[in-house]
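Good morning, everyone, and thank you for coming. Please have a look at the sequence and the model on the screen, and then I will walk you through them part by part.

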Amino acid sequence: MTVVIVPLGHGNMGSLRRHVERLGHGVEVWEGKGSMPAGDWLIIPGVGSLPGAEGALASAGLRAGIEGWREQQRPILGICLGLQLFFEKGEEGGSGFGWLPGEVPRLRAPVLPHIGWNELEISDFTPPWLRRFEGAHLYFVHEFAVRPRNPEGVWMTTSYHQPFPSIVGSAGLIGLQFHPELSGSVGEELTQEIFTRGA
């Protein structure tokens, strides 16, 4: 399997590439030059906020390439900022792709960003294949979290002074608020399960 990664300027590209390669998959990094490579999955990673991502997406045809991939109904994995880009707009400005209805507000917590290991909790809509990850600890670095208007898309949640969606899923889309590439063996197991199950 080949995984295409679209960098947005901030993120752990080296860690993410090694993470996917350890699972036995090929990796193509596409920075918007020329046509997007062929692949089985697209990963949109990133750290930061929607306003900053907008500038990166506008450069070198990144937005058009990603939207073209989506129009072909090929699966996309969004990590951290990549998940937030699935939605319409952020609290401090900036717009995502608008593929899913909802916003990206700042977490209401006394200390931000939320950094460190935290636990996955199941929701009413967790798919059966994800339930074995209940209680797993993954690594988070974020100040904003998504607020979907469709609760059925919230597959797992996490709490940091308030509950927030940590895994979101819809047809062709899976988004993770945490960083699987920084989450050790459990992160690898989860990513492989996502690639196996599809979106």
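Predicted model: local features only at pLDDT ≥ 70, side-chain atom pairs only at ≥ 80, totals over all residues.

I would like to start with Trp-41, which is buried, with a relative accessible area of 3%. Buried here means under 20% relative accessible area, exposed means over 50%, and partly exposed is what falls in between, with a 1.4 Å probe and protein chains only. Residues are numbered from 1 along each chain as its sequence is written, and side-chain values use heavy atoms, with hydrogens and water left out.

Now for the protein as a whole, which has five helices and 13 strands. The radius of gyration is 15 Å, close to the 16 Å that the globule rule gives for 199 residues, so the protein is as compact as a globular protein of that length. That radius is taken over C-alpha atoms, and the globule rule is 2.2 Å times the number of residues to the power 0.38. When I speak of helices (H or I, at least four residues) and strands (E, at least two), I mean DSSP runs, numbered from the N terminus. Along the principal axes, the C-alpha atoms fill a box of roughly 45 × 35 × 30 Å, and 54% of the 199 residues count as buried. If we take contacts between residues at least 6 apart in sequence, 70% of them join residues at least 24 apart, where contact means heavy atoms within 4.5 Å.

Let us turn to the aromatic rings, of which the structure holds seven pairs. Rings of Phe, Tyr and Trp (its six-membered ring) pair if their centres lie within 6.5 Å, and planes under 30 degrees apart count as stacked, over 60 as edge-to-face and the rest as tilted. How far apart are the ring centres of Trp-41 and Phe-195? They are 5.4 Å apart with their planes at 50°, so this pair is tilted. Because Trp-41 lies in strand S3 and Phe-195 in helix H5 (residues 184-197), the pair ties together parts that are 154 residues apart in sequence. Phe-195 is buried, with a relative accessible area of 8%.

Another aromatic pair, Phe-140 with Phe-178, is edge-to-face, at 5.6 Å centre to centre and with 70° between the planes. Phe-140 belongs to strand S9 (residues 137-142), whereas Phe-178 sits in the loop between strand S13 (173-176) and H5, so this pair ties together parts that are 38 residues apart in sequence. Phe-140 is buried at a relative accessible area of 0%, and Phe-178 is buried at 0%. There is also one aromatic cluster formed by Phe-86, Phe-97 and Trp-99.

Next come the strands. Strands of a sheet pair through backbone hydrogen bonds, either parallel or antiparallel. In this model, two strands are said to pair if DSSP finds at least two bridges between them. Strand S11 (residues 154-159) has five of its six residues buried, so this strand is largely enclosed by the rest of the structure. S11 is joined to strand S8 (residues 121-122) by two bridges, and the two run antiparallel, with Thr-157 as the bridge partner of Glu-121. Five bridges, again in the antiparallel sense, join S11 to strand S12 (residues 163-170), and here Val-154 has Val-168 as its bridge partner. The hairpin of S11 and S12 has three residues between the strands, and His-161 takes a positive phi near 65° there.

Strand S6 (residues 102-104) pairs with S10 antiparallel over two bridges, and Gly-102 stands opposite Pro-148 in S10.

I will finish with Ser-49, found in the loop between strand S3 (41-44) and helix H2 (50-58). Is Ser-49 buried or exposed? Ser-49 is buried, with a relative accessible area of 19%. Its side chain and that of Glu-92 are joined by a polar contact of 2.9 Å. A polar contact is a pair of N or O atoms within 3.5 Å; within protein, one must be able to donate a hydrogen and the other to accept it, and residues adjacent in sequence count only if both atoms are side-chain atoms.
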